[in-house]
Amino acid sequence: MKLSHVPLRLATGAFILNSGLNKRNLPPEAAAGLQGMATNAVPQAGDMDPESFGKALSKGEIALGAALLAPFVPSAIAGAALTAFGGGMIKMYLSTPGMTAEGSSFRPSQDGTAIAKDIWLVGAGLSLLISGLTPKKPLIGK
């Protein structure tokens, strides 16, 4: 892991790990609410019972957060996982009615702002992925 990746991986990893830990014991109603939003983006999520969905979501976020925090996980792999997770969040945002402002396909409504902000996850993931895949030596110059 490059030293320049540490702040990005610490910030995103700690945030996502905390989110996953907080979802470990979701009440059934809360799990069902999250599942309903996820089903807008991934219809197959509706095939699970809400309790199983909540546990799977929690475990996934814990695994992603831990991978971002673990220095032995290559940045390209951590970045690819973060990009996929962030992309899923954006797909959910764009697929959930009422999240975008009326007359706009992307600009968030008041209700959508909390999810639309997750575009930063995609940017962070792509930064890690690109940096992890690019050669260590400069392509031009010395």
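**View 1. Buried residues of helix α4.** In this predicted model, Ser75, Ala76, Ala78, Gly79, Leu82, Thr83, Gly86, Ile90, Met92 and Tyr93 of α4 are buried (buried is under 20% relative accessible area, exposed over 50%, with a 1.4 Å probe and protein chains only). Helices are DSSP runs of H or I, at least four residues, numbered from the N terminus. The buried residues of α4 pack against α1 (6-22), α2 (28-41), α3 (50-69), α5 and α6 (119-133). Contact means heavy atoms within 4.5 Å.

Local features need pLDDT of at least 70, side-chain atom pairs count only at pLDDT 80 or more, and totals for chains, interfaces and linings use all residues. Residues are numbered from 1 along each chain as its sequence is written, and side-chain values use heavy atoms, leaving out hydrogens and water.

**View 2. The span of α4.** How far apart are the end C-alpha atoms of α4? They are 29 Å apart. At 1.5 Å a residue, its 21 residues should span 30 Å, which agrees. The expected span is 1.5 Å times one less than the number of residues.

**View 3. Ser105 in its loop.** Ser105 sits in the loop between α4 (75-95) and α5 (113-116). Its relative accessible area is 66%, so Ser105 is exposed. Ser105 touches Leu94 and Thr100, not counting residues up to four places away in sequence. Lys91 is 14 residues from Ser105 in sequence; C-alpha to C-alpha, the two are 12 Å apart in space.

How values were computed:
Helices (H or I, at least four residues) and strands (E, at least two) are DSSP runs, numbered from the N terminus.
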